[in-house]
Amino acid sequence: MGFTRRAAVAVVGVAALLTASACGGSDSDGGTGSKNVEVFTWWADGGEKAGLDGLVGVFGTACAGQTFQNGAVAGGAGANAKSVLASRLQQNDPPDTFQAHAGAELLDYINAGQVEDISADYDGWGLKQAFPAGLIGNLTVDGKIYSVPANIHRANVVWSNKKVLSGAGITADPKDLTEFFAALDKLKAKGVKAPLALGKDWTQLMLFESVLISDLGAEKFTGLWQGKTDWNDASVTKAIADFQRLQTYSNSDRDALDWTDAEKLVMDGKAGYQLMGDWEAADLDAKGFKDYGWFTFPGNGTTFQWLADSFVLPKGAKNPDGTKCWLKTVGSADGQKAFNTKKGSIPARTDANPADYPKYQQSAMADWKSATQVPSCAHGSACSQGWQQAANSALGAFSTNQDAAALQKALAAAAQQYAGK
Amino acid sequence: MRRLRHWGPGLLLLSPSLILLAVFVYGLIAWTTKVSVSDEHNARGSKGFVGLDNYVNLFTNDINDRFLHSLKNLLIFTVVFMAGTMVMGLLWAFLLERGVRGEGFVRTVYLFPMAVSFVASGVVWRWLMNPGTGEDAGGLNAVFGALHLEFLQNTWWTNPNWGMAAMAMPAIWQLSGYVMALFLAGFRGIPQELREAAAMDGASTYRLYRNVIFPQLTPVALSALIIVGHMSMKMFDLIMSVSGAQWLTEVPAVYVWQALLTSDYAKAAAISIILLLLVAMVIVPYLIWTNRTEQRS
């Protein structure tokens, strides 16, 4: 008996020593009165890194005395960074600011009490006037705002290969789903095997969301994510049927393709259309493909499905003053210009000068001012990460088993589990 | 006091590893078990004890029957992977045992894939198992096309029913050499006198292998099965690098990772414990068996 007690004491002692030394190691990089601002992102290369560098340049002049510290974690389209972030937040060792998709994805952090309310600063920085009212509404949770968006991307855009389309005698962009199906039929008749290029799960969720917007309209669509529209509704059944029909025009190896692989089908002329967010414009430009056209997904009207990368002020940040200066830079006209001209997105502010941007962005900026704004689940502005994963999983299953009833049931179950949480 | 002097130094010598094991293996298992019976489904933390709800939900109430699907995938993968490595490994070992020129070279060639990480080989096999056919073919399908063997072209891991069998191919490629090495050591461990005795008794080559050599390989075969089997249950890196995390090829280990990414700690812990039990079901009988045979000898 005495032995076991002694052993237990030894175990606890060693464990205490180990934890003490582990904690001691990580405290050296901060301390009060720090002038470092650790900015945690997954922007490690390409246009994203260039955008971040632009933002850092503006930060350097606007916030003299503060030092930018790059906390980027590369890879996994942000998955690696998110898991590192989750463990740091759990250990109460947050970076000074981190990147998160604006909207519902932030809810996880807000509900966990991990980010600060910065609505007061919004007034001070003049952001309430600079951002469109629809965006402010989507950012506000129970009357409070927790993040500053650095950019806006649009999700519901169809990209096309002009040469393939004119080869099939398609001259006008389809205005609704009926016209879209007709155009796809024309391409098929012309020998294009996969008129609509499609990739794996989350890209299928993007396409499905666009179909939902067409069949339900902007208001009912947004209601789906707020618990106001029933997923068992007949209009959702119709959207699933339309989505199923669209899949018949897509490449059969869709579950093996990432969005860039699907994009290559369009560039190679093996597909006529692809639905993708507007980062595709920057990517096509970078790859030197000029002959592309774009239009809003047929039937979406003036709906602008947005997603945004935004920055927050975590609770317990070591340098809150420096972080606020970073957030102010992110929201400022100069900061948004430096970031977005390089990343290929558009500024969230409506007072930016279109002449600074390439052709596609100019048209998107014009739409952003006037359009109806709806969020996206595939990119975390409409739903939490758990919900997003459940939806991706359901669409992955649908892609192989084509069971429309099972898809609707799974989506309704996901809504029941995750809505309002 | 005298007894303490008897086993004290030994205990002292072992204590660092015992303590580390207690904390980092059994302690963490206990902690995971505790999380798995809580309702910690997000970063807000746990409100309390929910018993076996998380386990029951995985089997009866998982959206899209995701967990059952991942178990089915794992079963297909494991069966194909184990059968494939055992057959290939035994075959290679048998051929080498029968005597080939340059055995050392051939052995190295067979063993070499094991030196490659699953991630690296997964990236290559992702390309080899390109599901495109006809003029879009790539990788193996393109090779089949060039050889006019179009009937062999297939969708590989994107097949909803048997895709996981294709997913096992890179794993078989990678571990057959290891199983071969085990079997080869087994063959070499059989005393020459036994073979000679069998020859004296006039046994044919078939009877020699059937009644003398193969029965002696049973322990080796069992070790190989256990090692390959528990590796299969924990398969994660290969699948992530071939297909990424998606429904089609999801196995429990990938599901744990996905659940963790959404801060669903209770669910992730419950799947981990089930995975641990599955591995234990393979390992524990083996441990009992080896313990018994060691006592007997």
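Reader: Which residues of chain B does UniProt list for "domain: ABC transmembrane type-1"?

Author: The structure shown is a predicted model. The domain name comes from an unreviewed UniProt entry. In the model, the span it covers is 72% helix and 0% strand, and its end C-alpha atoms lie 22 Å apart.

Reader: In which sense do strand β1 and strand β2 of chain A pair, parallel or antiparallel?

Author: Strand β1 of chain A covers residues 36-40, and strand β2 of chain A covers residues 67-70. Four bridges join the two strands, and A:V39 has A:N70 as its bridge partner in β2(A). Helix α2 of chain A, residues 46-62, forms a right-handed β-α-β unit with β1(A) and β2(A). The sense of the pairing is parallel.

Reader: What area is buried between chain A and chain B?

Author: The size of an interface is often given as the accessible area lost when the parts come together. Here the contact takes 34 residues from chain A and 29 residues from chain B. Carbon and sulfur atoms give 60% of the buried area, which is about 2700 Å².

Reader: Which element gives the largest share of the side of chain A that touches chain B?

Author: Between the two chains there are zero salt bridges, while five residue pairs are in polar contact. On the side of chain A, the elements that give two or more residues are α1 (2-26), α3 (79-90), α17 (385-401) and α18 (404-418). The largest share, nine residues, comes from α17(A).

Methods: Residues are numbered from 1 along each chain as its sequence is written. Chains are lettered from A and ligands numbered from 1 in the order in which they are written. This is a predicted model: local features need pLDDT of at least 70, side-chain atom pairs count only at pLDDT 80 or more; totals for chains, interfaces and linings use all residues. Side-chain values use heavy atoms; hydrogens and water are left out. Two strands pair if DSSP finds at least two bridges between them. A crossover is right-handed if, with the strands pointing away from the viewer, the path from the first strand over the helix to the second runs clockwise. UniProt positions are given in the numbering used here, feature names are shortened, and annotations may be inferred rather than shown by experiment. Contact means heavy atoms within 4.5 Å. Buried area is the accessible area (1.4 Å probe) that two parts lose on being put together, summed over both. A salt bridge is a side-chain nitrogen of Lys or Arg within 4 Å of a carboxyl oxygen of Asp or Glu. A polar contact is a pair of N or O atoms within 3.5 Å; within protein, one must be able to donate a hydrogen and the other to accept it, and residues adjacent in sequence count only if both atoms are side-chain atoms.
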